[in-house]
Amino acid sequence: MVKILILGTGSMAESHAIAFKAAPGATVVAAVETDAARRTAFGKKHGITNLFADLDAAIEWGQFDAAANVTPDAVHYDTTMKLLAAGKHVFCEKPLATDYPHALVMAEEAEAKGVINMVNLTYRNSPALQKARELVAAGRIGSIRHVEASYLQSWLVGKQWGDWRTESRWLWRLSEEHGSKGVLGDIGVHIVDFASFGADSDITTVDSRLKTFHKAEGDQIGEYKLDANDSAIMMAEFANGAIGTITATRFATGHANDLTLQLFGTEGALKVMTDGRTSSLEICVGPDIDTQTWKPVECPPVVTTYERFVQACNTGINGDPSFRRAAEIQRILDMCFDQDVVRKKIG
Ligand SMILES: NC(=O)c1ccc[n+]([C@@H]2O[C@H](COP(=O)([O-])OP(=O)(O)OC[C@H]3O[C@@H](n4cnc5c(N)ncnc54)[C@H](O)[C@@H]3O)[C@@H](O)[C@H]2O)c1
């Protein structure tokens, strides 16, 4: 039975608490949260009595095997390195770090310590994505030639999640000074992993274009300078020889949270769709190619990232997505940010 500590008890920690309490072979024994009110409320709600105000005190107490790191992005590196130094298994939220060099150090350290290290790329929990990869690996659509992947949100147009003009929880996501790397940093990590995992191939290189739109007078609201990217486009080259486009935007009216992946091969095509709650898969193969007919594919339920982490801790065999995989995704994102800096410099 793996004893889990939850580090950071904000909104995403709710999902971790529910998932780990329900996972066979795991028990949630403690939580760490710097905000006293949030810490107390979380402990009460989830029946957790070992509560700490900082990670050092929890490590000194030591009565846990693994930690779920659900702190803000910029906090992942320092806290995970402390957990690794203490020999704990770590399940870290995405993005693993704020850039590739830090993510790589985390991966190397976790491997050197021989502990379980995984990242919560939640869209791996889509049955349709897992099934698509299986079909690609089995050669069902031949060699992949072209990939089209998009992650579409619309909270800069609609108010389905609140009003970004007045709520700080949205405004900080539009401001680099407040730690945001825009739409690419926020959901780009998901769609790059989604595309590459589904295509069963690493991405070798990308050419990108990031765009920050004019959204308010002086491009500023209160203390928030609105300078982070709102839309991102990547042209990608895959290790399997395919090319493709990967896009992410917060301006996709009509889409609250939709991920789509189309894989076009020499012998057919697959279309994966998910909104994070349900997913679907369609295939166009054989005689259907000539009539452009898509047929639904049955997708069995999948073992979630949370359950796979618990299994990995209990078996001692690392699970996927690992820190190494997350670092690789970060390498692709960094390429986009670097290209953006160069483009801005040369005008
Ligand atoms: N996988 C997904 O689909 C998904 C979805 C949403 C968020 N996330 C990720 O989850 C992480 C947390 O996001 P959130 O929306 O829950 O943020 P949040 O701000 O709601 O919660 C973070 C919590 O961590 C606490 N914290 C900060 N520093 C700490 C420290 N040193 N020790 C202990 N607690 C500390 C904060 O006080 C806060 O309560 C982020 O990295 C985010 O990218 C992932």
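The model is predicted, with pLDDT of at least 70 required for local features and 80 or more for side-chain atom pairs, while totals for chains, interfaces and linings use all residues. Residues are numbered from 1 along each chain as its sequence is written, and side-chain values use heavy atoms, leaving out hydrogens and water.

Q: Is Cys 92 buried or exposed?
A: Buried denotes under 20% relative accessible area, exposed over 50%, and partly exposed the range in between (1.4 Å probe, protein chains only). Cys 92 has 0% relative accessibility, so Cys 92 counts as buried.

Q: What separation do the C-alpha centres of domain 1 and domain 2 have?
A: Domain 1 covers 2-121 and domain 2 covers 127-301, with bounds from an automatic or database domain assignment. The distance between their C-alpha centres is 27 Å.

Q: Which residues of domain 1 lose the most area to domain 2?
A: Buried area is the accessible area (1.4 Å probe) that two parts lose on being put together, summed over both. Domain 1 and domain 2 bury about 470 Å², of which 58% is on carbon and sulfur atoms. On the side of domain 1, 79% of the buried area comes from Lys 94, Thr 98 and Leu 121.

Q: Which residue forms a salt bridge with Lys 94?
A: A salt bridge requires a side-chain nitrogen of Lys or Arg within 4 Å of a carboxyl oxygen of Asp or Glu. Between domain 1 and domain 2 the count is 1 salt bridge. With the closest N and O atoms 3.6 Å apart, the partner of Lys 94 is Asp 186.
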